[in-house]
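Biologist: Could you take me through one interface in this assembly, slowly and in plain words? I'd like a close look at how the two sides meet.

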Amino acid sequence: MYIGRVTGTVVATIKHEAFHGRKLLIVDRLDTNGNPTGEYDICVDVVQAGVGDRVLVIDEGNGARQILRRKVAPVRAVIVGVVDDVELAA
Amino acid sequence: MYIGRVTGTVVATIKHEAFHGRKLLIVDRLDTNGNPTGEYDICVDVVQAGVGDRVLVIDEGNGARQILRRKVAPVRAVIVGVVDDVELAA
Amino acid sequence: MYIGRVTGTVVATIKHEAFHGRKLLIVDRLDTNGNPTGEYDICVDVVQAGVGDRVLVIDEGNGARQILRRKVAPVRAVIVGVVDDVELAA
Amino acid sequence: MYIGRVTGTVVATIKHEAFHGRKLLIVDRLDTNGNPTGEYDICVDVVQAGVGDRVLVIDEGNGARQILRRKVAPVRAVIVGVVDDVELAA
Amino acid sequence: MYIGRVTGTVVATIKHEAFHGRKLLIVDRLDTNGNPTGEYDICVDVVQAGVGDRVLVIDEGNGARQILRRKVAPVRAVIVGVVDDVELAA
C-alpha cells in the first residue's frame, strides 16, 4: 500500500458493471514526506474520499477486488481508507 | 488503472485463440497532465477504441481477463473504456 | 522480498476487518548497503516490529495474505521477519 | 504486453520439468520507436522465435502459464508471437 | 525471469514454517552484459546456489511457490537454476 492524495476525477464510458455507480479518482502517489512522486493511479473509491484527501491505496488486484467485495472486478487500485495521521521517526 | 492514448497498432502472428479477432493497440501511458510518460503497453481492445483516443487501461492480468470475460487469456493490459473527461483540482 | 527499515506509522480510518487491531508501518526500502532507496511500502505488521527495526518485507499480495493466515485481506506488503544480520561478499 | 527483440540465449541448469526442452531467450524490451529500453526478460519461447526476431511478450505469470498450457510452471514472461508490423500514428 | 548474481546472505527471525531450513540469499539483478543494475531481491534458494554464483530468478509469487512445491509460501522471488552460459548476438 502507499499514501496518496486525491487530485481529481475521471469520467469514462465503461460498460463493465463493476464500475456502475463508482467514482473514479486520480490519486497521486506521495513519498513519505508527503510530496508527489509523479506517479498516480486511477482508483475506485469505496470510502467516499474527496479531492484533496490523503488516502491509503491498495495497489494489487486481488486485494482490491476483496475491498470491493466482488470476485469479478477489473480493478488494480482501490482507496482503502482516509489517512488521519503519519508519524515519522525524527 | 492509468490513462493512456492509443498511438498505433501491432500486427503479430499469435496462435493462442484468445487473440483471434482482437485488435492489438499500442497505448502510451499518460501523466495526469496528459503528457506521455515514455511507457506503453500493448493492449487488447474491447471497446472499439481508435488511434488518438484517450483510454482507461487496466494493467493487471486477472482483472484484464475478467474484462475479456475469459478465464484463460494470456493478457495483462486491456482497454476498459474511453475517457470522456479528466478534472484536476486547481 | 526486500530489506527495509521501519521509519514511522500511519493512522487511517479503514473499515475492512482485516485491518482491525493491525499496526500500519511505513517501511523504507533499503539497498544492499543499507541505504534508503527512496521507495517505501505501508506494511501490515505481524512480528511486532518497531520504528528503527530492519525488517524483511514480502511485497506480493497472495504471499502477504498467507503470512496473515487470511484468505481475504486487501494487502500487498507484509513484514515477514526482523533481520538479524546481512552478510555481503567482500 | 510489450514489444521486444530476441538478443540471445541462456543455458541454465534447471531441474523443474516445466523447462525441459524449452529454450530460454534473452528479450530486450523495446520502446515504441523500436529502440531498446535497457530492460529485459528471460523468456520461455513457444513460437520458435530466433535471435534478432521482434516479438510480443506477455509479462504476467498467470497469463504466461496459460500460453504454455500448464497450470504449474514457474514462469513470468513468455513470447506470445512474432511481430509482423508496428504502425504508429504520424 | 532475470539473471542475477548471489552476493550475500540474510539471517532473519521468521516464524512462518515455509522458511524453515531455507537459506535466504541476496541476489543482485544483472543487466544483459552481466553488470549489476542496482536492484536486488531476497530470494529463497532451492538449487544450493552459493555466493558468487550467477543464477536465474523467477520474480513472481505464484511461480515461486510452484518451484518450492508449496501452495502456501509467502515468497515472491526464488532461484530457479544456476546459469551455465549466456550467449548474446554479436
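Modeller: Let's start with salt bridges: across the interface of chain C and chain A, the rule finds zero of them. Keep in mind that this is a predicted model. What you do get between chain C and chain A is nine residue pairs in polar contact, both partners at pLDDT 80 or more. The area buried between these two chains is about 2100 Å², and carbon and sulfur atoms give 54% of that. As for who takes part, chain C puts in 28 residues and chain A puts in 25 residues.

Now look at the chain C side. The elements that each give two or more residues to it are strand S1 (2-14), strand S2 (24-30), strand S3 (36-45) and helix H1 (61-67). S1(C) brings the largest share, eight residues. Sort that side by class and you'll find 15 nonpolar, seven polar and six charged residues.

Stay with S1(C) for a moment, and look across to chain A. Strand S5 of chain A, residues 77-88, pairs with S1(C) in the antiparallel sense, over seven bridges.

Not every pair of chains touches, though: no contact joins chain A and chain D, and their closest C-alpha atoms lie 13 Å apart.

Technical notes: Residues are numbered from 1 along each chain as its sequence is written. Chains are lettered from A and ligands numbered from 1 in the order in which they are written. This is a predicted model: local features need pLDDT of at least 70, side-chain atom pairs count only at pLDDT 80 or more; totals for chains, interfaces and linings use all residues. Side-chain values use heavy atoms; hydrogens and water are left out. Contact means heavy atoms within 4.5 Å. Buried area is the accessible area (1.4 Å probe) that two parts lose on being put together, summed over both. A salt bridge is a side-chain nitrogen of Lys or Arg within 4 Å of a carboxyl oxygen of Asp or Glu. A polar contact is a pair of N or O atoms within 3.5 Å; within protein, one must be able to donate a hydrogen and the other to accept it, and residues adjacent in sequence count only if both atoms are side-chain atoms. Helices (H or I, at least four residues) and strands (E, at least two) are DSSP runs, numbered from the N terminus. Ala, Val, Leu, Ile, Met, Phe, Trp, Tyr, Cys and Pro count as nonpolar, Asp, Glu, Lys and Arg as charged, and the others, Gly among them, as polar. Two strands pair if DSSP finds at least two bridges between them.
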